[in-house]
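Trainee: Please show me the model, and let me ask about it piece by piece.

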Amino acid sequence: MSRRGLAAVASVLDQAASSATNILVLVLAARLSSASGFADFSMVYVTFNVLLGLNMAYVGQSLVLEKGEGLGPACRSALGFTAAASAAVGALLLAVGLALAGATGTAFLALGLVLPLVLLQDGLRYCFSALRTPQRALAADALRLLCVVAALALQPEGASAGRLVLVWGLSALPALAVGLWLLRPYVRGSRTDLRPYLRRGHLGQRFVVEFAVGNGSSQLAVLGLGVFATPLAVGALRGATTLFGPLNVLFNSANAFGPPVLGRLGGKRATVRATAALGLVLAAVGAGWATALYLLPDRLGRELLGDTWAGASALLPATGAQYAAMGLGTCALLTLRVLAPKATLSLQVVFSLLSVGLLLGGYAVWGVAGAAWGLAAGSALKALAAWWRVTRLPAAAGSREPEPAAVA
């Protein structure tokens, strides 16, 4: 296998290790906690995922677009900004934890303490990606997976959400240490410069907008259910989506490796044929996975999610429909990214906000099941609109070299 092929395999395995970490953290937390305890844990974990996505958009995505040989200073500066920003946000979470009463407040306190550790450890992946050494990211993330599973598996049944969050965060220390050691040869002697991240027009600002409307809005809407409705709704929705974690690996891999492959096909017709076929495959996999989960015996379901299984299993038809639609939508947006990159932002804004409205409206009318079907409807409408936009592209779309991304 060529060096480029090995790098691609390492990148896919690294994404799989990262996704497996998120899945197993939630599965173990669900098994160790009561339904209410997992609801508290889920609220904190949703908050972390929003912060993780913001850091990925603002720092990670702009870092991997850096070009040239001397990427050491860029990596060192990216980690320096992540450390400073996560410390500031962690202090804010400590204040939130002190303001909230009970187990939820304690869990937010724990997140505030460990946030810099987990964000720095995750940020190393983008450094290694920019340096084109994904095998180093795989080594660190595989260690992270082993450590967090071992640490959570040692916790007693009925452990509080705060304790689980603290253990989850501290278990990132070995992977963080190894990752920094692996990165050291590339950043030795470099200076940290935070000024590019503070300037108006930094490229990450554009990516944050896309994340906020594409992913963060739905995460915040789910979190809002716990604040304004009931934390148990968050636990049920999070438990259901956790079971579909393997599909996220496929979606993320398509987004990561799709554009370079599709860019070599040349023209709209060949690109649309490839992405349409991939979309149908992903939709079929999503539907098949949902069917397998729905037919899973309750005994096995409780082994996976503990007390949360009862609420999550009722949402499987809706969540399965959502992921089938997401498979089609992911490939439609991937098509637009290759053929007409400027066409995706407006779709993300309109239909992500519509999904939030459908989620909250569905909950108001039909409860948690209505919220899940609202998310499914939002994903289906986004996929339909994206493919309609693909059909409106001129036949010559994508036949010339793409323009470099402009800084907003």
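Mentor: Start with a definition: helices (H or I, at least four residues) and strands (E, at least two) are DSSP runs, numbered from the N terminus. This is a predicted model, so local features need pLDDT of at least 70 and side-chain atom pairs count only at pLDDT 80 or more, while totals for chains, interfaces and linings use all residues. Residues are numbered from 1 along each chain as its sequence is written, and side-chain values use heavy atoms, with hydrogens and water left out.

Trainee: How many helices and strands does the protein have?
Mentor: Helices and strands are the DSSP runs just described. The count gives 0 strands and 16 helices.

Trainee: What share of the contacts joins residues at least 24 apart?
Mentor: Contact means heavy atoms within 4.5 Å. Take the contacts between residues at least 6 apart in sequence. The share joining residues at least 24 apart is 81%.

Trainee: Which elements give two or more residues to the lining of the largest cavity?
Mentor: On a 1 Å grid over the protein atoms alone, a cavity is a set of points where a 1.4 Å probe fits but cannot get out; a pocket is an open set with protein on both sides within 12 Å along at least five of seven lines; lining residues have an atom within 4 Å of a point. The structure holds 1 cavity of 30 Å³ or more. Its lining includes N55, A78 and Y126. The elements are α2 (35-63), α3 (72-99) and α4 (102-130).

Trainee: What volume does the largest cavity have?
Mentor: Grid points are joined across faces, edges and corners, and a volume is the space filled by probe spheres set on the points. For the largest cavity, that volume is about 40 Å³.

Trainee: Which element gives the largest share of that lining?
Mentor: Ala, Val, Leu, Ile, Met, Phe, Trp, Tyr, Cys and Pro count as nonpolar, Asp, Glu, Lys and Arg as charged, and the others, Gly among them, as polar. The lining divides into 6 nonpolar, 4 polar and no charged residues. The largest share is 4 residues, and the element is α2.

Trainee: Which element gives the most to the lining of the second largest pocket?
Mentor: The second largest pocket has a volume of about 160 Å³. Its lining residues divide into 9 nonpolar, 2 polar and no charged. With 5 residues, the top contributor is α2.

Trainee: Which cysteine has the sulfur nearest to that of C75?
Mentor: A disulfide is a pair of cysteine sulfur atoms within 2.5 Å. A search of the whole structure finds 0 disulfides. C75 is in none, and the nearest cysteine sulfur, 4.1 Å away, is that of C127.

Trainee: Is C75 buried or exposed?
Mentor: Its relative accessibility is 0%. That value makes C75 buried.

Trainee: Is S171 buried or exposed?
Mentor: S171 sits in the loop between α6 (161-170) and α7 (173-187). Leaving aside neighbours within four places in sequence, S171 is in contact with R144, C147, V148 and A151. Its relative accessible area is 8%, so S171 is buried.

Trainee: Which residues does Q322 touch, not counting those up to four places away in sequence?
Mentor: Q322 is part of helix α15 (residues 316-339). At 11% relative accessibility, Q322 counts as buried. The residues touched are L375, A376 and S379.

Trainee: How far apart in space are S19 and G245?
Mentor: S19 belongs to helix α1 (residues 3-32). S19 is buried, at 9% relative accessible area. S19 and G245 are 226 residues apart in sequence, yet C-alpha to C-alpha the distance is 6.8 Å.

Trainee: Is W388 buried or exposed?
Mentor: W388 is placed in helix α16 (residues 344-391). The relative accessibility is 54%, so W388 counts as exposed.

Definitions and conventions: Buried < 20%, exposed > 50% of the residue type's maximum accessible area, 1.4 Å probe, protein only.
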